[in-house]
Amino acid sequence: MAVSESAPVSGPASAYASGPGREAGSGADAAVVVNGAPRAVPDGTALPALLEELGLRVGTVVVEHNGVALTRAEAGAAVLRGGDTLEIVRAVAGG
């Protein structure tokens with residue numbers, strides 16, 4: 001793994017309105033920043049659910065949550081709240 005690239009962050013915020021990993025929060029939208037772009041997600045959205053919406057999976061990317069790089073286990077258990085900042089990086093093999 002020599003090079004990294006930012007994961008895509010496009011997609012409608014409305015995609016987070018329902019589904020697995022979204023039951024824990026209050027239902028109110030939380031403003032988070034993903035790779036420098038503001039994004040609205042329901043408060044309490046599970047990080048794996050957000051990654052899935054972005055076409056990614058825990059373990060295939062490195063996630064920095066509020067300045068702290070998460071282990072695979074931490075990323076799998078992380079819950080998003082308003083004001084959170086994420087940097088998502090996908091490792092690319094090369095030489």
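The legends below describe several close-up views of one predicted protein model.

Because the model is predicted, local features need pLDDT of at least 70 and side-chain atom pairs count only at pLDDT 80 or more, whereas totals for chains, interfaces and linings use all residues. Residues are numbered from 1 along each chain as its sequence is written, and side-chain values use heavy atoms, with hydrogens and water left out.

View 1. Helices (H or I, at least four residues) and strands (E, at least two) are DSSP runs, numbered from the N terminus. Along the sequence these elements follow the pattern β-β-β-α-β-β-α-β. Of the 95 residues in the chain, 32% are buried, a term that stands for under 20% relative accessible area, while exposed stands for over 50% and partly exposed for values in between (1.4 Å probe, protein chains only). The accessible surface of the chain comes to about 5,200 Å², and 55% of this belongs to carbon and sulfur atoms; such areas come from the Shrake-Rupley method with a 1.4 Å probe, and for residues only the protein chains shown count as cover. Among contacts between residues at least 6 apart in sequence, 63% join residues at least 24 apart, where contact means heavy atoms within 4.5 Å.

**View 2. Strand β4 and its partners β5 and β6.** Strand β4, residues 62-65, has a covered face made of Val63 and His65, and an uncovered face made of Val62 and Glu64. Four bridges join β4 to β6, and these two strands run antiparallel; two bridges join β4 to β5 (residues 68-69), again in an antiparallel arrangement. Two strands pair if DSSP finds at least two bridges between them. The hairpin formed by β4 and β5 has two residues between the strands, and Asn66 in the turn has a positive phi of about 55°.

**View 3. His65 in strand β4.** His65 counts as buried because its relative accessible area is 15%. His65 stands opposite Leu86 in β6, and in β5 its bridge partner is Val68. The side chain of His65 makes a polar contact with the side chain of Asp84 at 2.9 Å; a polar contact is a pair of N or O atoms within 3.5 Å, and within protein one must be able to donate a hydrogen and the other to accept it, while residues adjacent in sequence count only if both atoms are side-chain atoms. Leaving aside neighbours within four places in sequence, His65 is in contact with Leu70, Val79, Leu80, Asp84, Thr85 and Leu86.

**View 4. The one salt bridge of the structure.** Arg81 forms a salt bridge with Asp43, and the closest N and O atoms are 3.3 Å apart; the term means a side-chain nitrogen of Lys or Arg within 4 Å of a carboxyl oxygen of Asp or Glu. The pair links distant parts of the chain, 38 residues apart, with Arg81 in the loop between α2 (72-77) and β6 (85-92) and Asp43 in the loop between β3 (37-42) and α1 (47-53). Arg81 is partly exposed, at 38% relative accessibility, whereas Asp43 is buried, at 18%.

**View 5. Asn35 in the loop between β2 (29-34) and β3.** With a relative accessibility of 18%, Asn35 counts as buried. The side chain of Asn35 reaches the backbone nitrogen of Ile88 at 2.6 Å.
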